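My notebook is open and the viewer is loaded. Here is what I looked up, entry by entry.

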Amino acid sequence: MSKYSPDIAIFLRCLYGGGAERILLNLARCFVEQELKVDMVLAKAEGSLLKQLPAEIRLIDLKAQSKLGTIPKLVQYLRREEPKSMLAALHYPCEIALLAKRIAGVSTRVVVSERNHLSLEAKRIPQLSVRLTPLAARLLYPWADGIVAISQGVGKDLANVTRLPLERIDTIYNPILTPEVFAKAKEPVDHPWFQPGEPPVIIAVGRLYPQKDYPTLLRAFARVHQVQPCRLVILGEGPEKDNIKDLICELGLQEDVAMLGFVDNPHAYMAHSAVFVLSSAWEGFGNVVAEALAVGTPVVSTNCHSGPAEILADGKYGELTPVGEPDAMAGAILKVLAGNIKQADSQWLNQFTIKYGAEKYLNALNIPAKVLV
């Protein structure tokens, strides 16, 4: 056993710029502020977020060449360092962490974080590894010392998939709101559509994937555009980019839709927009919905499984529309543009803050906070 003996090890594939990786990195920073010893254990030390890893967090690069090859390397790490607890997220790091603990025979408390609606993903994504995820979770999640779901809907789905009692699953909403979010929201936007006197901007932020159902958003925008002048900005990259561009042309919206790709500061774009829209067919949580609420932008979202309805308090703090129905979405957008705005107060938003979430995760990891949050 190492003399270092981390309090918490966070295990991920890598540190690319996905939502889960960003949240785990933010949690790691918060844990360090609690005067805890933290290891960031990566199957491969790759990704754009590596440069944001604070010096106080020890980076462990397993240099694994495959999923199976990760298991013995993680076993070695667990036997050598014996961290008090390990938090794993995404697939298959969750399953690998549980297997590795079993093989290593250590006392490390392993908590797995489920971040999406497993049954829906397995039905809608043809990739074999995705289709096998529910089976892997059913076989291995019973070994977990703690299970966290990022929304109540994800937790209920996971209980059905794994056949575990719902009481074994803790719901911790994504701690997406950091001081940085609010600071960045105040920055200016260097784009002509956001200047005074221009038509209102509707904004969508998210990967260009089928899950996000941008066709419904575009068809809804086309209906809104027929009623009043407005523009649509889409932030994000992904494999559906060409299909989305084709539909923009088909609908004759080339002059009023801008696809800006990845931007360093989406929060400023959100804060300067008239409406934020999420058109997803399904979600685990919907980070961008909470972010838009926090920066004061009215929200229109599909009432998809799972997350947006919970963030919006079943419509109290934003408009919810059925999945895949552009007419309903257009009506909700027009309602907001007409001045019917619902906004959340700071007390409601507190449950999505990094400090609130970090305290909840520390409880799940059975690590006492050394400094009160």
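**Entry: a charged network.** I began with Asp39, Arg58, Arg80 and Glu81, which are linked in a network of salt bridges (a salt bridge being a side-chain nitrogen of Lys or Arg within 4 Å of a carboxyl oxygen of Asp or Glu). This is a predicted model, in which local features need pLDDT of at least 70 and side-chain atom pairs count only at pLDDT 80 or more, while totals for chains, interfaces and linings use all residues. Residues are numbered from 1 along each chain as its sequence is written, and side-chain values use heavy atoms, with hydrogens and water left out.

Helices (H or I, at least four residues) and strands (E, at least two) are DSSP runs, numbered from the N terminus. Arg58 is partly exposed at 26% relative accessibility, whereas Glu81 is buried at 5%. For these words I use under 20% relative accessible area for buried, over 50% for exposed and partly exposed in between, with a 1.4 Å probe and protein chains only.

**Entry: other salt bridges.** The structure holds 13 salt bridges, and I picked out two further ones. Lys212 and Glu283 meet at 2.6 Å, N to O. Here Lys212 sits in the loop between strand E8 (201–205) and H9, and Glu283 in the loop between strand E11 (275–278) and helix H12 (287–294), 71 residues apart. Lys212 is buried at a relative accessible area of 12%, and Glu283 is buried at 7%.

Lys184 and Glu180 form a salt bridge at 3.8 Å, N to O. Both lie in helix H8 (residues 179–185), 4 residues apart, about one turn of the helix. Lys184 is partly exposed at 24%, and Glu180 is partly exposed at 47%.

**Entry: the sheet.** In what order do the 7 strands of the open sheet run? I read E3-E2-E1-E4-E5-E6-E7, with parallel pairing (two strands pair if DSSP finds at least two bridges between them). Strand E3 (58–61) and strand E7 (169–171) are the edge strands, each pairing on one side only. E2 (residues 38–42) is joined to E3 by 4 bridges, and Leu42 stands opposite Asp61 in E3.

Next I turned to strand E4 (residues 85–89): 5 of its 5 residues are buried, so E4 is largely enclosed by the rest of the structure. Ser85, Leu87 and Ala89 point one way, Met86 and Ala88 the other. E4 pairs in the parallel sense with strand E1 (residues 8–12) over 4 bridges and with strand E5 (residues 109–114) over 5 bridges. Ala88 stands opposite Phe11 and opposite Val112 in E5.

**Entry: two helices.** In helix H10 (residues 241–250), I found Ile244, Leu247 and Ile248 buried. Seen down the axis, these buried residues fall within an arc of 105°, so they line one face of H10 (the arc is that of the directions from the helix axis to the C-beta atoms). Asp242, Asp246 and Glu250 are exposed on the other side of H10.

Helix H16 (residues 354–364) has Ile354, Gly357, Ala358, Tyr361, Leu362 and Ala364 buried. Its buried residues fall within an arc of 155°, so they line one face of H16. Just after H16, Asn366 takes a positive phi of about 60°.
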